[in-house]
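Open the model in your viewer and switch to a cartoon view. We will go sheet by sheet, then look at the helices packed on them.

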Amino acid sequence: MSTEQAVLRLENIKKSFGDNEVLHDISLTVHPGEVVAIIGASGGGKSTLLRCATLLEQIDAGEIHYGDVAVATTGASGKASYGKADVLRQAKAKFGLVFQNYNLFPHYRVLKNIMDAPICVQKRDKVEVERQARDLIKKMGLEGNEDKVPCELSGGQQQRVAIARALCLNPEILFFDEPTSALDPELTIEVLKVIRQLAAEHMTMVIVTHEMSFARDVADRIIFMDKGVIVEEGPAAEVINNPKHQRTREFLATYGG
């Protein structure tokens, strides 16, 4: 593991929806080049944790840091307070997010889907962005699809466009929320192959997944969440092949190790 400053630091995160506390005092640190897989049954808090980390939901208490950018901190009041707009903008520039259901612009062609945010949000040079986008299209095995709109692509192709779109932002860390749950087994293999390639290139990633063998083979570290807490955490093969906690063993017996 790198001794460099952590890419992401979540400390004592708490999040409730009404009276339902979904995250109870969660802490997680991700280092450069590390692949962290988050596993657990539905309703365990995995996706909510990802949504809080990517600023789609606000935490109630705790701290969120991207490198040296303090996104949210909690003082004497016990309530989290977020940084101003420029702080949030700095934080958002550091990560990319790949959703379960692609979230592509349906009326944009593939190339425009990938290029839009780097040009409109990051204000980068169009020629340089197009060069990078075309390189990513090639890397994702999508050549020949540049001028298609999402409905003309398979689910696996759409998800690979979504990954290219996230990568075109040059993020320090990439988040995946169940990236294959909407895909059939054949298309799942396509997408997991791309994520394996990114892991081999030491892309820092946090992946919420139900693909246990993939998590074991690709992740450096696995976190098992249940009922809003981290039950078990450790090296991937160890957690999958030799879980220490009874709840982890029960989960893996049901969902496959």
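Start with the open sheet of five strands, ordered E2-E1-E4-E5-E6 with antiparallel pairing. Strands (E, at least two residues) and helices (H or I, at least four) are DSSP runs, numbered from the N terminus; two strands pair if DSSP finds at least two bridges between them. Select strand E2 (20-30) and strand E6 (80-82): each has a single partner strand, so one side of each lacks a neighbour in the sheet. The twist averages 20° from one strand to the next. Axes are lines fitted to C-alpha atoms, for helices over the stretch in contact, and angles run from 0 to 180 degrees between N-to-C directions.

This is a predicted model: local features need pLDDT of at least 70, side-chain atom pairs count only at pLDDT 80 or more, and totals for chains, interfaces and linings use all residues. Residues are numbered from 1 along each chain as its sequence is written, and side-chain values use heavy atoms, without hydrogens and water.

Next, zoom in on E4 (residues 61-66) and E5 (residues 69-74), antiparallel and joined by three bridges. Ile64 stands opposite Ala72 in E5.

H2 lies across E4, E5 and E6, at about 120° to E5; contact means heavy atoms within 4.5 Å.

Select H1. H1 lies across strand E1 (8-17), E2 and E4, at about 65° to E2. Helix H1 (residues 46-53) also lies across E3, E7, E8, E9 and E10.

Move to the open sheet of six strands, E7-E8-E9-E3-E10-E11, with mixed pairing. Find E3 (residues 35-39) and E9 (residues 205-208): they run parallel, with four bridges. Val36 has Val206 as its bridge partner in E9.

Finish on helix H9 (residues 246-255), which lies across E3, E10 and E11.
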